[in-house]
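Student: I would like to go through the labels attached to this model one by one, and for each of them to hear how the value compares with its definition.

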Amino acid sequence: MDVDKSEGNRDDISSNVVKIPERMLLREQARLDEVERRKEAKESHSVADENSEFFTKAFNRDRAAIEDLISICSGADRASATQTLDAATAKTQQLQKFLNDSMMFLAQYELRQAQAALQKLQTSLAEKRDEALPKKKFAFRSRTKATEQVDDTVPATLAGETVIDGQTPAASDIGKVEETVQCGFSNMDDVVLTKTAGEINKNDVLLSQLTNCKVRLFGSPSTLHIKNVSGCEILCGPVSGSVFVDHCSNTTLVLPCQQLRTHNTTSTQVYLHVTSRAIIEDCHGVSFAPFTWSYPTLDEDYVVSGLDLARNNWSQVDDFNWLAATQSPNWTLIPEEDRKTTWET
């Protein structure tokens with residue numbers, strides 16, 4: 001019996017010896033797991049900081065290089081200026097792509113700063129191009145006496161003005177864009193307007209002074225300008241560059257583009273595919289939903305435009321009048337049940 005008790009005591013002791021290290025091992029493992037988790041979090045934060053620092057240095061370096069190209073155009077002959085400005089344009093497009101690809105790790109403040117700097121760069125480039133490579137303005141040739149008599153039937157307001165699709169735009173409203181012959185529509189009310197892919201053919205498109213119109217633009221414009229429109233429904237194929245909207249009200253816009261910039265716009269719905277980000281300024285009552293228009297040659301037009309079908313930041317909107325971290329009161333997302341999915345073509 002004593003032997004049995006002795007053996008039992010040894011078993012109990014052995015059991016206790018096993019249990020104590022096991023609990024300690026579990027605690028130690030939990031501690032090590034926590035250390036590893038903190039290490040990974042720290043490394044992740046460090047990587048984000050390093051990416052942000054790399055972006056800032058690379059962005060500023062490339063921006064300075066583009067500014068240098070723009071500056072050396074002053075006083076250069078037309079051929080040299082053309083070559084230099086084309087190089088600056090290509091570098092600016094690369095810088096835009098670099099910004100688009102870096103959005104995932106940039107803070108909102110850094111992103112807004114970069115977008116503002118890029119927009120300033122694009123404006124400087126456009127102004128320098130206008131200065132160094134002025135485009136010829138449209139002008140009537142001197143008329144003979146006979147033609148002058150015939151032309152007496154033409155309203156005097158047409159004389160000396162550029163005509164866009166049979167319409168005479170007001171120069172004070174359209175700004176610099178009207179100085180060259182444009183593809184588009186102006187000064188129309190209550191009509192249905194259509195442009196084919198062949199007519200657009202990667203041109204800049206201008207829509208201005210339209211009221212209660214339905215506009216259908218097929219194909220791939222290079223740039224789209226929408227100015228002073230009210231009560232319209234505008235559907236457009238993929239825009240390879242930017243869409244600029246100014247003084248738009250009670251209108252529906254349906255379009256894919258590389259960048260959307262909207263100013264002075266109210267009570268407007270935007271069905272959007274944008275590969276960078278949408279920007280609004282001095283706007284209120286603007287709402288967004290994903291692009292939903294479809295037509296037979298849409299896929300082909302996407303290829304022409306070069307837009308990335310897989311990248312759509314339609315819900316990521318930057319309001320330059322709202323820098324707080326909270327949601328801007330000037331724009332909203334259209335509820336799914338209220339989104340339109342079919343359109344008259």
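This is a predicted model: local features need pLDDT of at least 70, side-chain atom pairs count only at pLDDT 80 or more; totals for chains, interfaces and linings use all residues.

Student: How do you know that the span of α2 agrees with that of a helix of its number of residues?

Tutor: A helix here is a DSSP run of H or I with at least four residues, a strand is a run of E with at least two, and both are numbered from the N terminus. The expected span is 1.5 Å times one less than the number of residues. Helix α2 has 25 residues (78–102) and should therefore span 36 Å, and its end C-alpha atoms are 36 Å apart, which agrees.

Student: What caps the N-terminal end of α2?

Tutor: Asp77 does, since one of its side-chain oxygens lies 3.2 Å from the backbone nitrogen of Ala79. A polar contact is a pair of N or O atoms within 3.5 Å, where within protein one must be able to donate a hydrogen and the other to accept it, and residues adjacent in sequence count only if both atoms are side-chain atoms.

Student: Why is Gln96 classed as it is, and what does it touch?

Tutor: Gln96 lies in α2, and its relative accessible area is 5%, so it is buried. Leaving aside residues up to four places away in sequence, Gln96 touches Leu118, Gln122, Gln258, Gln259 and Ser276, where contact means heavy atoms within 4.5 Å.

Student: What makes β5 a pairing partner of β3 and of β7?

Tutor: Two strands pair if DSSP finds at least two bridges between them. Seven bridges join β3 (residues 204–211) to β5, and six join β5 to β7, so that both pairs meet the criterion. The strands run parallel in the pair of β3 and β5, as they do in the pair of β5 and β7. Thr211 has Ser230 of β5 as its bridge partner, while Ile226 has Val245 of β7.

Student: Why is Asn228 called partly exposed?

Tutor: Asn228, placed in β5 (residues 223–230), has a relative accessible area of 23%, and for that reason it is partly exposed. The C-alpha atoms of Asn228 and Gln209 are 5.0 Å apart, although 19 residues separate them along the chain. Gln209 is found in β3 and has a positive phi near 55° without being a glycine.

Student: How do you know which strands β10 pairs with?

Tutor: Four bridges join β8 (residues 252–263) to β10 (residues 278–281), and three join β10 to β12 (residues 317–319). Thr262 stands opposite Ile280, and Ile279 stands opposite Asp318.

Student: How many disulfides does the structure hold, and why is Cys283 in no such bond?

Tutor: A disulfide is a pair of cysteine sulfur atoms within 2.5 Å, and the structure holds zero of them. For Cys232, the nearest cysteine sulfur is that of Cys213, 4.8 Å away. The sulfur of Cys283 is 9.1 Å from the closest one, in Cys248, which is too far for a bond. Cys232 counts as buried because its relative accessibility is 3%, and Cys283 does so at 5%.

Terms used
Residues are numbered from 1 along each chain as its sequence is written. Side-chain values use heavy atoms; hydrogens and water are left out. Buried means under 20% relative accessible area, exposed over 50%, partly exposed in between (1.4 Å probe, protein chains only).
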